[in-house]
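Load the model in a viewer and keep the selection panel open. The stops below are given in the order in which to select them.

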Amino acid sequence: MLACLLLSTMQSAFAQKVAYVDIQYILKNLPQYETANEQLSMISRRWQKEVEALNQEAHVLETNYQTEQIFLSEELKKKREEAILAKQSEALELKRKYFGQDGELFKKREALLKPIQDDIYTAIQEIAQDKKYDIVKDRSADPSLIYLSSKLDISDQVLQKLGAK
């Protein structure tokens with residue numbers, strides 16, 4: 001009997017209270033996330049148009065060069081080729097500046113979305129502490145989850161804490 005009592009005490013000591021959230025669901029239901037995404041889309045489209053305009057200018061220069069090439073001196077050919085390459089390089093550099101790994105779009109996304117992510121993390125942390133959860137997992141990031149009881153999902157509580165409907 002003593003062994004059973006010790007075993008059940010040890011088992012409850014190792015038991016952990018677990019909850020789940022669905023970050024994608026939370027983000028879809030936050031108006032500020034939708035607004036930030038719209039801003040990012042607008043900025044991205046504007047920058048993409050700038051890059052495309054430079055590419056179009058390079059294409060026009062190249063097309064004109066191809067049609068006029070036979071009439072140009074070697075010196076003029078060289079100048080035109082350099083102008084084409086310069087315009088192509090300018091377009092490529094602008095594309096890297098805006099859309100590169102550490103480009104302006106990355107920085108803008110970070111500036112707009114990080115505060116939202118921080119708010120979500122804080123809300124999850126507060127709920128976990130209030131409800132005494134030891135572990136909170138992201139359901140949307142765990143493809144191995146096959147079944148999840150809805151009573152373990154605290155996504156709506158997080159949304160409520162963030163003031164979303």
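Select Leu30 to begin: with a relative accessibility of 2%, Leu30 counts as buried (buried is under 20% relative accessible area, exposed over 50%, partly exposed in between, with a 1.4 Å probe and protein chains only). Leu30 sits in the loop between H2 and H3; helices (H or I, at least four residues) and strands (E, at least two) are DSSP runs, numbered from the N terminus.

Before moving on, note that the model is predicted, with local features needing pLDDT of at least 70 and side-chain atom pairs counting only at pLDDT 80 or more, while totals for chains, interfaces and linings use all residues. Residues are numbered from 1 along each chain as its sequence is written, and side-chain values use heavy atoms, with hydrogens and water left out.

**Whole chain**

Colour by secondary structure. The protein has 6 helices and 2 strands, and in sequence order they follow the pattern α-β-α-α-α-α-β-α. Of its 165 residues, 25% count as buried.

**The core**

Which residues touch the most other members of the largest nonpolar core? Select Ile26, Leu30, Ile116, Ile120 and Val158, which hold that place among its 29 residues. A nonpolar core here is a set of buried Ala, Val, Leu, Ile, Met, Phe, Trp, Tyr and Cys residues joined through side-chain atoms within 4.5 Å. Strand S1 (18-21), helix H2 (23-28), H3, H4, H5 and H6 are the elements that give two or more residues to this core. H5 contributes the most, with 8 residues.

**Helices H3 and H4**

Show residues 31-68 (H3) and 74-99 (H4): their axes come within 9 Å and cross at roughly 165°. That angle makes H3 roughly antiparallel to H4. Axes are lines fitted to C-alpha atoms, for helices over the stretch in contact, and angles run from 0 to 180 degrees between N-to-C directions; angles under 35 degrees count as roughly parallel, over 145 as roughly antiparallel, 65 to 115 as roughly perpendicular and the rest as oblique.

The crossing of H3 past H4 is left-handed, meaning that the near helix is turned anticlockwise from the far one by less than a right angle; clockwise would be right-handed. Sorted by class, the contact of H3 with H4 has 12 nonpolar, 4 polar and 10 charged residues. Ala, Val, Leu, Ile, Met, Phe, Trp, Tyr, Cys and Pro count as nonpolar, Asp, Glu, Lys and Arg as charged, and the others, Gly among them, as polar.

**Salt bridges**

The structure holds 9 salt bridges, each a side-chain nitrogen of Lys or Arg within 4 Å of a carboxyl oxygen of Asp or Glu.

Start with Glu57 and Lys87, whose side chains meet at 2.8 Å, N to O. This pair links distant parts of the chain, since Glu57 is in helix H3 and Lys87 in helix H4, 30 residues apart.

Next take Lys114 and Asp118, a salt bridge at 3.2 Å, N to O. Both residues lie in helix H5 (residues 104-131), 4 residues apart, about one turn of the helix. Lys114 is partly exposed at 38%, and Asp118 is partly exposed at 35%.

Then select Glu126 and Lys161, which form a salt bridge at 3.4 Å, N to O. Glu126 lies in helix H5 and Lys161 in helix H6 (residues 155-162), so the pair ties together parts that are 35 residues apart in sequence. Glu126 has a relative accessibility of 34% and counts as partly exposed; Lys161, at 42%, also counts as partly exposed.

**Two last stops**

Go to Ser41 in helix H3, a partly exposed residue with 33% relative accessible area. Ser41 and Leu105 are 64 residues apart in sequence and 9.7 Å apart in space, C-alpha to C-alpha.

Finish at Lys132, in the loop between H5 and strand S2 (135-138). Its phi is near 65°, a positive value in a residue other than glycine. At 60% relative accessibility, Lys132 counts as exposed.
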